[in-house]
Number of protein chains: 2
Amino acid sequence: MPLSTKPYKGARDFYPEDKRLQKYIFNRLRQAVELYGYEEYDTPILEPLEIFASKTCEEIVKEQTYLFEDRAGRKVVIRPEMTPSVSRLVAGRRQELAYPLRWYSIPNLWRYERPQKGRLREHWQLNVDIFGVADTSAEVEMMLLVNSIFQTFNAKPDMFDIRINSRQLTNYLLEDYLGLNQKTANMIGKLIDKLHKLERTEFINKLDEALNDKQRAAGVPEKLLALLEVKSLKSLPAEVQAQAAVADIESVLVSLGKAGISNARFDITLMRGFDYYTGIVFEVYDTNPENNRSMLGGGRYDGLVGLFGAEAVPTVGFGWGDVTLANFLELHHLTPDLKSETEISLVLAGLPAEAGQQIADNLRSQGINTAVDISGRKLGDQIKSAAKKGHTYVLVAGEDELKNQRFNLKNLVDGQEKQLSVGELVKKFRS
Amino acid sequence: MPLSTKPYKGARDFYPEDKRLQKYIFNRLRQAVELYGYEEYDTPILEPLEIFASKTCEEIVKEQTYLFEDRAGRKVVIRPEMTPSVSRLVAGRRQELAYPLRWYSIPNLWRYERPQKGRLREHWQLNVDIFGVADTSAEVEMMLLVNSIFQTFNAKPDMFDIRINSRQLTNYLLEDYLGLNQKTANMIGKLIDKLHKLERTEFINKLDEALNDKQRAAGVPEKLLALLEVKSLKSLPAEVQAQAAVADIESVLVSLGKAGISNARFDITLMRGFDYYTGIVFEVYDTNPENNRSMLGGGRYDGLVGLFGAEAVPTVGFGWGDVTLANFLELHHLTPDLKSETEISLVLAGLPAEAGQQIADNLRSQGINTAVDISGRKLGDQIKSAAKKGHTYVLVAGEDELKNQRFNLKNLVDGQEKQLSVGELVKKFRS
């Protein structure tokens with residue numbers, strides 16, 4: 001039986017037209033983050049299980065990792081996220097590195113999930129982190145940067161909104177304000193994370209189940225439901241407003257406002273899945289109703305570098321998946337029409353491959369990307385091939401053209417033809 | 001106990017200075033192969049075991065793959081090489097694709113090996129393939145391209161040599177000329193592959209072991225040893241010279257000579273490990289005695305696309321590892337001095353982060369990569385940080401500078417300082 005031509009389930013093959021789009025997106029991302037002084041790093045796709053076991057979300061580690069034993073019995077994981085790896089790198093050179101440290105990466109990540117729109121088993125993710133800044137100017141920079149990346153792709157502010165919350169505030173609300181113990185608070189946190197995916201009655205039932213009689217009698221469900229309706233910091237109960245976490249969120253929103261960013265707001269329902277967040281968390285949503293989902297998310301995680309035996313480093317970072325970004329661009333008609341990198345398809349009218357390579361080399365030495373058809377087929381078939389590949393220009397060369405050093409350049413899109421010398425070709429393509 | 005900061009054995013972390021070198025190498029490779037009309041594709045790092053089981057070298061599949069079962073019991077492999085995957089892609093769109101098809105990729109590959117110089121468990125590899133050309137003009141193009149890539153890195157012809165053989169010729173020599181059955185021929189082929197790693201007596205002993213009495217009596221060992229001494233096609237026995245495979249090698253060498261490439265030669269001992277080769281094979285060696293090893297290799301494999309149920313497609317390709325390439329560049333002093341992408345480190349003399357971001361934004365909007373020190377530390381510490389990061393230019397901004405809109409630009413390398421406006425800065429950095 002022949003082998004299957006399909007890629008592994010939930011992963012993508014990138015034919016050249018797909019790869020071209022991916023490269024366009026990655027190049028824009030690189031440009032945008034390097035503009036803010038971020039430098040690229042990378043790590044191996046395999047990591048020891050331990051680095052994910054302690055602080056990544058339990059659901060991901062237990063149910064969604066590609067976990068196996070290598071030939072020496074080491075438990076290894078194909079990385080499901082990048083944050084533990086980058087923390088490992090920083091911890092490894094804690095003393096030699098200079099702060100604020102600005103790093104980014106675009107790794108591929110693997111999660112064993114049921115493939116669905118916007119979620120695949122293999123995806124790439126822009127990871128941006130700033131290390132060594134304890135106050136909210138780090139969070140502000142992250143959001144300025146996110147905003148700037150959207151601009152890079154020609155997105156308008158009404159196409160996305162930035163939602164901000166604080167893990168500290170959430171902990172305070174659940175544990176202090178509502179008086180839940182840590183375990184229950186955790187459970188309720190996970191439940192709020194699913195709020196927008198559940199029917200309201202289902203949410204209320206699950207909330208009820210998670211609480212005990214005493215908590216129900218104390219009105220915890222009603223209090224929580226009321227809190228979840230809060231749309232601005234000013235509507236929070238006075239004792240909550242007095243919390244430092246609220247001042248942090250306020251300060252970020254004010255700074256963003258001064259920088260002209262008005263599509264950011266407080267969202268009390270925003271949880272983020274990972275266990276390692278310690279302060280402000282944020283997500284950016286597509287405002288298009290057809291794709292009203294989180295595109296990227298991040299927050300402050302001050303404790304992760306410390307797990308690797310180094311002194312703790314205050315850190316803020318975010319991750320932005322390529323699938324959600326590509327969906328966003330497509331839905332908002334921001335995907336450009338990308339042409340093949342090949343500028344000239346040289347077709348040979350009776351000339352041997354050697355002569356073709358020589359002509360092509362004259363063009364290549366001037367930086368013109370030139371493919372030669374060395375198949376020896378009929379001229380018509382060669383031109384058809386170039387058209388099928390989406391190449392715009394075909395250059396025809398035969399004995400006469402070679403003798404006169406003038407070649408026939410045909411534009412396959414508009415049908416125009418011109419006789420040009422190599423010098424004229426170079427001028428045309430390099431100007 | 002704290003978690004280890006080391007990467008997984010045999011794999012590399014890329015701190016920004018390492019990543020910068022990798023990006024330099026990959027960008028040069030991309031430029032060079034796109035100049036020949038090759039287009040980039042990619043595939044998932046996980047593939048079903050089957051696609052490697054049939055034609056990849058048995059040693060690699062049995063002993064060196066990262067093989068495991070996914071959560072649904074599928075046997076999957078982290079790709080040890082790219083050739084089966086690219087064949088899968090071509091087979092999947094055999095009819096829609098236009099030939100000659102020129103494709104390349106720079107995937108990361110995994111092999112469970114004992115890490116040593118030039119060999120790691122994770123490495124990247126430039127893979128270049130041309131599909132749809134049955135004659136040796138395809139092999140010639142591959143070697144023109146390889147030569148051109150070396151030029152891209154400023155390598156001189158005396159730094160490397162190109163060695164050419166033919167799998168067809170090897171098969172003819174072992175099976176017809178020496179009269180061995182396929183199994184013995186295979187074994188002897190693997191032994192010749194190790195020729196340069198074994199002592200001569202060890203090689204002779206192993207050869208002796210692999211043959212039976214009749215073969216020994218017929219003088220097979222002596223005949224083979226004599227063949228392995230042959231340095232040119234003309235020194236081959238007359239009946240061997242009459243083979244089409246010899247004419248193929250001759251034709252490639254002649255074409256390369258015409259194109260001015262004189263560091264290519266016939267090498268009867270060249271085997272290549274993979275089972276899928278069907279014609280010419282080649283490798284390129286570093287001529288430096290300290291690194292006298294194969295840097296890249298490839299050949300013709302006409303049968304692989306056909307395994308995926310599609311009509312067979314004649315194919316020639318090669319793979320070039322990043323570790324051997326980086327070693328080559330270093331040894332020949334061809335590694336450039338690469339600077340940080342960050343052009344300006346903006347340090348703040350008492351200004352708040354917000355004001356710093358605003359100044360930086362004026363520069364960023366003109367395309368100047370600008371990092372702001374938002375740590376709030378003393379000026380001296382901020383400048384030290386910039387120097388530690390290897391940044392060349394520091395721009396100082398305080399209340400006075402902000403008011404006068406003239407900033408102090410300090411070159412940390414030569415110590416020069418200048419007072420410049422944003423307009424003057426843009427002129428300086430963008431000219």
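# Reading the contact between chain A and chain B

Visitor: Which side chain of chain B does A:Arg20 meet in a salt bridge, and at what N to O distance?

Guide: A:Arg20 meets the side chain of B:Glu39, at 3.1 Å from N to O. The general idea is that side chains of opposite charge can pair when their charged atoms come close. The rule applied here asks for a side-chain nitrogen of Lys or Arg within 4 Å of a carboxyl oxygen of Asp or Glu.

Visitor: What kind of model is this, and how is it labelled?

Guide: This is a predicted model, in which local features need pLDDT of at least 70 and side-chain atom pairs count only at pLDDT 80 or more, while totals for chains, interfaces and linings use all residues. Residues are numbered from 1 along each chain as its sequence is written, chains are lettered from A and ligands numbered from 1 in the order in which they are written, and side-chain values use heavy atoms, with hydrogens and water left out.

Visitor: How many salt bridges cross the interface of chain B and chain A, and how many does the whole structure hold?

Guide: The rule finds 14 across the interface, and a search over all chains gives 58. One of them joins B:Arg93 to A:Glu17, with the closest N and O atoms 3.1 Å apart. This pair crosses between chains: B:Arg93 is in the loop between helix H4 (83-92) and strand S5 (101-105) of chain B, and A:Glu17 is in helix H1 of chain A. Helices (DSSP runs of H or I, at least four residues) and strands (runs of E, at least two) are numbered from the N terminus.

Visitor: Which residue pairs with A:Asp373 in a salt bridge?

Guide: A:Asp373 pairs with A:Arg377, at 3.0 Å from N to O. A:Asp373 has 8% relative accessibility and so counts as buried, whereas A:Arg377, at 30%, is partly exposed. Elsewhere, salt bridges that share partners link A:Lys23, B:Arg30, B:Glu34 and B:Glu40 into one network.

Visitor: How many residues does each chain bring to the contact?

Guide: Contact means heavy atoms within 4.5 Å. Chain A brings 100 residues and chain B brings 100 residues. For buried area, the idea is the accessible area (1.4 Å probe) that two parts lose on being put together, summed over both. Here the two chains bury about 8200 Å² between them, with 54% of it on carbon and sulfur atoms. B:Leu3, B:Tyr15 and B:Arg71 supply 10% of the area that chain B buries against chain A, more than any other three residues.

Visitor: How many residue pairs are in polar contact across the interface?

Guide: A polar contact is a pair of N or O atoms within 3.5 Å; within protein, one must be able to donate a hydrogen and the other to accept it, and residues adjacent in sequence count only if both atoms are side-chain atoms. Across the interface of chain B and chain A there are 60 such residue pairs, both residues at pLDDT 80 or more. On the side of chain B that touches chain A, helix H1 (residues 16-35) of chain B gives the largest share, eight residues.

Visitor: Where is A:Glu341 found, and what does it touch?

Guide: A:Glu341 is in the loop between helix H13 (322-331) and strand S13 (344-349) of chain A. Its relative accessibility is 18%, so A:Glu341 counts as buried. The side chain of A:Glu341 has a polar contact of 3.4 Å with that of A:Arg20. Not counting residues up to four places away in sequence, A:Glu341 touches A:Arg20, A:Asn369, B:Glu34 and B:Glu39.

Visitor: Which helix holds A:Arg364, and what surrounds this residue?

Guide: A:Arg364 lies in helix H14 (residues 353-364) of chain A. A:Arg364 counts as buried because its relative accessibility is 4%. A polar contact of 3.2 Å joins the side chains of A:Arg364 and A:Asp361. Beyond four places in sequence, A:Arg364 touches A:Gln357, A:Thr370 and A:Val372, together with B:Leu35 and B:Tyr36.

Methods:
Buried means under 20% relative accessible area, exposed over 50%, partly exposed in between (1.4 Å probe, protein chains only).
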